[in-house]
Amino acid sequence: MKNRDVFLKDPLQNRLVNQGVVEVADPGSEQELRTLRYELETFVCEGQYARGLERILAAYLDNLGREEQPAVWVSGFYGSGKSHLVKMLRFLWTDFQFPDGARARGIAQLPDEIQALLRELSTQGKRLGGLHAAGGKLGAGAGDSVRLALLGIIYRSLGLPHDYAAARFVLFLKKNRFLDRVKQIVEREGRRFESELNDLYVSPILARALLEVDPTFAENEKAVRA
């Protein structure tokens, strides 16, 4: 018998899809979705991983009826799996659904105790308005305001631009039921709405679109941009 024969998966055939590095982020591309699926399939929820998930989930559920929720600090030496734990929790929390219908909790092999806590989490979520999770990195992108960077992560998880001003603009359009019409006008001009948001204060196309859906918003395009 060779060493490779004692492994569940042949180490010569098995490839690390994520190259052994976990990135806490929302999957956007097909490659990122494949990586997430691989990480869930190979997640060994034992030892400190299992204890960590159990402590976090149990503490959250125990404090639902109180005014405050305790924060969680995940610490450990470099390469100990902190990001992996946080990323798995983020997608197990909402039971993330892949394009083919598969769900995170069905892909991962989880202990009965963790499964029970996640079921209770979903039950409470239905009772209290739903479940949501956001993940990302602050890093150098935080700039001078950590709070704005953190808000950007939350915005992105909701399908909004990470930039504060652009997100506020999209929320304004949603609130007034202008968003779909403004998008149609921008696309009619042969441009992408998301690209125009990068030029929020100077885009003549956005200014014209807003005036078309709401002529009372301003006197002219210049006033809109102001």
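Which helices each supply at least two residues of the lining of the second largest pocket? In this predicted model, local features need pLDDT of at least 70 and side-chain atom pairs count only at pLDDT 80 or more, while totals for chains, interfaces and linings use all residues. Residues are numbered from 1 along each chain as its sequence is written, and side-chain values use heavy atoms, with hydrogens and water left out.

The helices in question are α2 (47–62) and α3 (82–93), where a helix is a DSSP run of H or I of at least four residues, numbered from the N terminus. The pocket, an open set of points on a 1 Å grid over the protein atoms alone where a 1.4 Å probe fits, with protein on both sides within 12 Å along at least five of seven lines, holds about 450 Å³ of space. Its lining, made up of residues with an atom within 4 Å of a point, numbers 17 residues, of which Gly52, Arg55, Trp73, Val74 and Leu85 are the closest to the centre. Helix α2 gives the largest share of this lining, with seven residues.

Asp95 lies in the loop between α3 and α4 (104–107) and is buried (under 20% relative accessible area, computed with a 1.4 Å probe on protein chains only), its own relative accessible area being 16%. Arg177, which is found in the loop between α7 (164–175) and α8 (179–188), is exposed (over 50%), with a relative accessible area of 74%.

Note on methods
Grid points are joined across faces, edges and corners, and a volume is the space filled by probe spheres set on the points.
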